[in-house]
Amino acid sequence: MEVFEVFARRTHDDPLVHAGSIKAPDLEMALILARETHFRHGEGAECWVVRREDLHSVPNPETMGGVTDHSYRRQDGYVGVGAKMKRVTEELKRLGKSITK
Amino acid sequence: MNDPRLSLLLALADDELILGHRLGEWTGWVPYIEEDLALSSIAQDEIAHARMLYEIASTIDGRDPDALALGRSPVEYRNAVLCERPNRDFAYTVARHWLYDTADDVRLRALRSSSLKELRETAEIFLLEERYHLDHARAWFSRLADGPVEARRRFGDALTKAIGEAVALFEPLEDEAALLSEGTLPRANEDLLAEWLGVVGAARTEGPTGDLVPTSTGAMEETGVQASLAVPGIERRDGAWVHAGGFTGAGGRRGKHSDDFEPLWAEMTALYRSHPGARW
């Protein structure tokens, strides 16, 4: 028996997501059995299977995204920027000043 | 049963219900979980098909679908004897499943031109699900028929046991003449049987040619599906498999069942009989 990974699309427009795994003697049986194991309640519009041995994982996943400080590139500084701008504009108005371009 | 349409509708519905019940007995017992789910799911499909047919029958008969499915006495059931046989082993289950599904495919295709609108529409719906049942049955057929020697031998034995009774899926109905003249049944059962034997014969002659293997006594023995070709009721004539001899009129379509039916009926209807009118 081989192990097959089963993937699904909920509708034809949705991305492929992992639905689970099954055991089957070969690809044809995997295609037949995957639908009853993971789709018998109408969970998806598409069912895909692939041999687990045909899936390859990227080595050293702990270094994915880098190991040094890259926090400068995060977008956190832009949070609430509209409200900040409004507050500054009101403060300047109170002082009788404005920003010119 | 005064209306001829009931003899057809109940034959179809009872086949699905009783075979569905038998397949359901595998739940929890199949050697591995994926096939357990597949057989259980197919069992539910068959029972759902039975329900749709009982609903059509109900509009003619007057009794509600539950009463038709579970409230009749054993002699009132019109399923073929093949459907009520115990599951025996997996080889027999697959052999029966394949014979039944190929036969069901032939009759459902014919029923798409029935004069009874509800039956015509129902046949179209069933064919969508039966396509999967057929894929499943064919996949197992080839794995057992082309499998190791023990698989071939057991599958050959199972086919031999099942095929004679599968022929009786096409036993003429009680009101067949009336059904044909009003078009509810577009083609005679003997005609459907001839078509089905063509399908079965083609599949079986395409299979392995029956290897000769040594037995425990040293003699050579033929195995595989070819060894199961010779059964009473089927003959090879001019290169085609044909039905030989007639029906004795003593089969399931007349309410004549085997000893295997009553225990099945007793279990299937126990709850319905113990709590009349109960709903869930």
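Helix H2 of chain B has 29 residues, and from its first C-alpha to its last it reaches 41 Å, close to the 42 Å expected at 1.5 Å a residue. The expected span is 1.5 Å times one less than the number of residues in the helix. Helices here are DSSP runs of H or I with at least four residues, strands are runs of E with at least two, and both are numbered from the N terminus. Just after H2(B), Gly62(B) takes a positive phi of about 100°.

I should state the basis of these values. This is a predicted model, in which local features need pLDDT of at least 70 and side-chain atom pairs count only at pLDDT 80 or more, while totals for chains, interfaces and linings use all residues. Residues are numbered from 1 along each chain as its sequence is written, and chains are lettered from A and ligands numbered from 1 in the order in which they are written.

On confidence, pLDDT is the predictor's confidence in each residue, from 0 to 100. Chain B has a mean pLDDT of 89, with 90% of its residues at 70 or more. For the complex, the predictor gives an ipTM of 0.75 and a pTM of 0.84.

Let me turn to the contact between the chains. Chain A contributes ten residues to it and chain B nine, two residues being in contact if their C-beta atoms, placed from the backbone, lie within 7 Å. On the side of chain B that touches chain A, helix H2 (33-61) and helix H6 (117-145) each supply at least two residues. H2(B) gives the most to that side, with five residues. By type, the residues of that side of chain B divide into four nonpolar, two polar and three charged. In this division Ala, Val, Leu, Ile, Met, Phe, Trp, Tyr, Cys and Pro count as nonpolar, Asp, Glu, Lys and Arg as charged, and the others, Gly among them, as polar.

Next, the fold of chain B. Its secondary structure comes to ten helices and four strands, in the order α-α-α-α-α-α-α-α-α-β-β-β-β-α from the N terminus. Of the contacts in chain B with a separation of 6 or more, 71% join residues 24 or more positions apart.

How many of the 280 residues of chain B count as buried, as a percentage? The figure is 41%. A residue is buried if 20 or more other C-beta atoms lie within 10 Å of its own, exposed if 12 or fewer, and partly exposed in between, with C-beta atoms placed from the backbone.

The largest nonpolar core holds 76 residues, and those touching the most other members are Leu9(B), Ala13(B), Ala57(B), Val94(B), Ala95(B) and Ala166(B). Helix H1 (residues 4-24) of chain B gives the most to this core, with eleven residues. Such a core is a set of buried Ala, Val, Leu, Ile, Met, Phe, Trp, Tyr and Cys residues joined through C-beta atoms within 7 Å. Beyond its neighbours within four places in sequence, Val94(B) is in contact with Ala137(B), Trp140(B), Phe141(B) and Leu144(B).

Two further positions in chain B deserve mention. Arg88(B), in the loop between helix H4 (81-84) and helix H5 (90-111), has a positive phi of about 55° although it is not a glycine. Arg88(B) counts as partly exposed because it has 15 C-beta neighbours inside 10 Å. Glu121(B) is placed in helix H6 of chain B and is also partly exposed, with 14 C-beta neighbours inside 10 Å.

At the other end of the chain, helix H10 (residues 261-274) of chain B has 14 residues and should span 20 Å at 1.5 Å a residue; its end C-alpha atoms are 19 Å apart, which agrees. H10(B) bends by about 45° at Met268(B), the bend being the angle between axes fitted to the seven residues ending there and the seven starting there.

Finally, chain A. Why does H2(A) lie largely in the open? Of its 14 residues, the number buried is zero, so H2(A) lies largely in the open. H2(A) is followed by Gly96(A), whose phi is positive, near 75°. Asn60(A), in the loop between S3 and H2 of chain A, has a positive phi near 50°. Asn60(A) is exposed, with 6 other C-beta atoms within 10 Å. Glu43(A) is exposed as well, with 12, and touches Ala8(A) and His38(A), not counting residues up to four places away in sequence.
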